[in-house]
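Dear colleague,

I am handing over a structure that I would like you to look through when you have time. My notes on what was found in it follow directly below.

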Amino acid sequence: MMTALASGFASLLSVEMILLMLIGVVVGIIFGAIPGLSATMAIVLFLPITFNMGTTQAFALLVALYIGGVSGGLISAILINIPGSAMSIATCYDGHPMANSGHAQRALGIGVVFSFLGTILSLAIMIVAAPGLANLAVKMTSFEIFSMTFCAISLVTSVGGKDIFKSLASALLGIAFCMVGMAPVDGAVRYTFGMSNLMAGFPLTSACVGMFAVAEILNSVGKPISAEKLAQRQREKIRGFGFSLGELFGQTKNFLISSVIGLVIGFLPGMGGSLANQVAYVTVQKSSKYPEKFGTGIMDGIVASETSNNASIGGAMIPLLALGIPGDGPTAMLLSAFTIHGIVAGPLLFKTSGPLVYTVFAAMIVCAFVMLLVEFFGIPIFAKIIDVPRQILFPVVLVVCAVAAFANNRTMFDVWALLLFGIFGVLMAKFDFPRTAFILGLVLGSSLETNLRRALQLSRGSFAPFFTRPVSCVLLVLAFLLIGSAIVKQVRAMKRKPAESEVS
């Protein structure tokens, strides 16, 4: 293994290869940072360019776009409270408050370092444990995947808002929106009202960008920043990445928890960093000694989100290489690249194209270091975005969002959907319905329904296997306990309020 990996690094030691990976990482970061664009779109746009490249050059460029794109989302999430993609939604929770309090560069530094560490750890585990983890993924049937998805939604909604009932309503509403279009398994058309654009359901890019980017812009209209906040936003002068070694090692527990979550969710098909960052954030919050500080701008929240979404990279690559099953959007595009170059991803890949596999491993490691260097030197430049006047910044962001929505399917319907979800996001924020729970329901609704229907087909309509299969049963019981405990806690709090008001 080490000899093959060393050969992989050797094949990258040329000016052409280093320059190609540098360009890929920089472009990936830009795509990741712009709301509406993503690592997936970067790979889609650059895939035709690789047709006439050699396999080594092609995959070095594509994995560079992947790694840069996943990490780039932290920039807009921290600086303007608009996630570059769904993978960085949880980064907004503490990243933007930290930037608003005058520590934008420190927040960026934390995000960059833990993006790098999460990527490196996941790649190391991917190289060593790919076959074993892939075999574990194979054993996860529709019963277990449904239960895991349901548990993930329950975990995030149970602590994702001040009101558990509003959180559950938001998640269920997201799942309801997900049911528009052709049904999985049988292809029945639902709730399209004769509109052909709705056959594929609501566009996920437009929904995510509208809910967070457009809604954030609309919410900010007519709300000038106070002089106090402007004073707080003065950029601090930092050394290195803005935090000490003591703070770095103090995050060991959070880092390990988030890395495991990112890896596990990453190698389950259809999940990926969009779920991993939210589950990791909630898990770290629940295990913290000071959960009440989350959302106020603390290091722990950024660590959880950025470690997990980057750790999902290694996790998503495992089923791609070992089974030929993509774990998320970018790896689905990489699977297309394998096909284009005449390579069959799957169990025989290590035997038929072993040198290429280890070259891909080596390229991903090199790209992680390139990402660290590019973002380190870019921190002072990125931080200047926060000083751009809103009347200039927000119209530019809105136009970019509209262009990104249009580019997704090249239809104006996606742009109208963007505005619709933006208005819907404003209403949800006004009435304190958590938008995160809605997006989570929308993202995972398809996986939830697909696996439920497949499982019921396998069991011939019986729900018993969900509770007789040990892993599925444990996950469902945990989900019900999470929701039940949150409801009990809120009901008790509601009963205490009248009693306290009577005493006062």
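Leaving aside its neighbours within four places in sequence, which residues is Asn277 in contact with? Please bear in mind that this is a predicted model; in it, Asn277 is in contact with Ala86, Met87, Ser88, Ile89 and Ala90, and also with Ser305, Ser308 and Asn309. Asn277 has its place in helix 12 (residues 273–287), and it counts as buried because its relative accessibility is 0%. Its side chain reaches the backbone nitrogen of Ile89 at 3.5 Å.

As to confidence, the chain averages a pLDDT of 83, and 89% of the residues score at least 70. Among the elements of the chain, helix 20 (residues 464–468) has the highest mean pLDDT, at 92, whereas helix 9 (residues 227–232) has the lowest, at 48. Where pLDDT is low, the predicted coordinates should not be read in detail.

Turning to the rings, the structure holds 21 aromatic pairs. One of them, formed by Phe59 and Phe338, is tilted, with 4.6 Å from centre to centre and 35° between the planes; this pair links distant parts of the chain, since Phe59 is in helix 4 (residues 55–80) and Phe338 is in helix 14 (residues 329–340), 279 residues apart. Both Phe59 and Phe338 are buried. Elsewhere, ring pairs link Phe143, Phe146, Phe150, Phe463, Phe466 and Phe480 into a cluster.

Two lysines also lie over ring faces: Lys166 over that of Phe433, at 5.3 Å from the ring centre, and Lys293 over that of Tyr290, at 5.1 Å from the ring centre.

With best regards

Note on methods. Residues numbered from 1 in each chain as written. Predicted model: local features only at pLDDT ≥ 70, side-chain atom pairs only at ≥ 80, totals over all residues. Heavy atoms only, no water. pLDDT = per-residue confidence, 0-100. Helix = DSSP H or I, 4+ residues; strand = E, 2+ residues; numbered from the N terminus. Buried < 20%, exposed > 50% of the residue type's maximum accessible area, 1.4 Å probe, protein only. Polar contact = N/O pair within 3.5 Å; in protein donor to acceptor, adjacent residues only side chain to side chain. Contact = heavy atoms within 4.5 Å. Phe/Tyr/Trp six-rings, centres within 6.5 Å; stacked < 30°, edge-to-face > 60°. Lys NZ or Arg CZ within 6 Å of the ring centre and 35° of its normal.
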